[in-house]
Amino acid sequence: MRRALSFMLMSVVAVCLWAQVPAGRSEKVTLFDAFVPAAIELNDGTENYQPLANIFLKNSTLIYKKGTTDMQANMAVVKGVSFGKRHFVNVNNQLAEVIDTCGHYTLVCVKLIDIDAFNGEWLNNSDITNISFSENIAVTRLDPNEETLTYPLVNNYYYLVKGKSIPCHERSVRPLVAKKNRNYVDARMRAGIIDWSSVEDLKALMKQFEQ
């Protein structure tokens, strides 16, 4: 069910590029600054508790401490994870945070390190002279005067309905809109009024869906 983490950050291929939204930067490769307690719900209905857990932003997977070793959970058996009041569900073997629910629809967000952007920065930035991705994702810079290297982040938004995940993009979302609301929504899409990076716009759009 579990295996030791393989932290080869440079090997990940970003998915659903059309649904990606820049989300700032992070000095860490985990969502939380420190490992925190997590309640894990498995697909078979059982629950598991991990006192020290986190989300690895390389691929938005659940990681936890086993002694002094970082471990990665088998995402194929994980249904959802709660970190305090923040709840995450498994979307394509990635942990997506639940943002809002309207009727049968749920808006979720997968936060990831933008691998393409990071690779571009790494190749083009002459100040970054030595990068080492060890088991602890240690990043070293030979110039002590440079600021700490940070990772560009990206948000992937999805609507969940009837067990399916729909990327938040005009082409994918339009079929969800109720027929009586399509003229209104189409006009807003053509005018560029709907901001696909705005959580508030995505939440409001759910109210136009077929219920």
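Lysine 79 is partly exposed, at 44% relative accessibility; partly exposed is the range between buried (under 20% relative accessible area) and exposed (over 50%), with a 1.4 Å probe and protein chains only. The model is predicted: local features need pLDDT of at least 70 and side-chain atom pairs count only at pLDDT 80 or more, whereas totals for chains, interfaces and linings use all residues. Residues are numbered from 1 along each chain as its sequence is written, and side-chain values use heavy atoms, leaving out hydrogens and water.

**Salt bridges**

- Lysine 79 forms a salt bridge with glutamate 41, with 3.8 Å between the closest N and O atoms; the term requires a side-chain nitrogen of Lys or Arg within 4 Å of a carboxyl oxygen of Asp or Glu.
- This pair links distant parts of the chain, 38 residues apart: lysine 79 is in strand S7 (residues 78–83) and glutamate 41 in strand S3 (residues 36–42).
- Strands here are DSSP runs of E with at least two residues, helices are runs of H or I with at least four, and both are numbered from the N terminus.
- Glutamate 41 is also partly exposed, with a relative accessible area of 29%.
- A salt bridge of 2.7 Å, N to O, joins the side chains of lysine 65 and aspartate 70; lysine 65 is partly exposed at 29%, whereas aspartate 70 is buried at 14%.
- Glutamate 97 pairs with arginine 86 in a salt bridge whose closest N and O atoms are 2.8 Å apart.
- Glutamate 97 lies in strand S9 (residues 94–102) and arginine 86 in strand S8 (residues 86–91), so the bridge ties together parts eleven residues apart in sequence.
- By the stated rule, the count comes to five salt bridges.

**The chain as a whole**

- The chain has four helices and twelve strands.
- Of its 211 residues, 43% are buried.

**Nonpolar cores**

- The largest nonpolar core has 19 residues; such a core is a set of buried Ala, Val, Leu, Ile, Met, Phe, Trp, Tyr and Cys residues joined through side-chain atoms within 4.5 Å.
- Strand S10 (105–113), strand S11 (151–161), helix H3 (182–190) and helix H4 (199–206) each give two or more residues to this core.
- Another core, of 16 residues, lies apart from the largest one and includes Ala38, Ala53, Met75 and Phe88.
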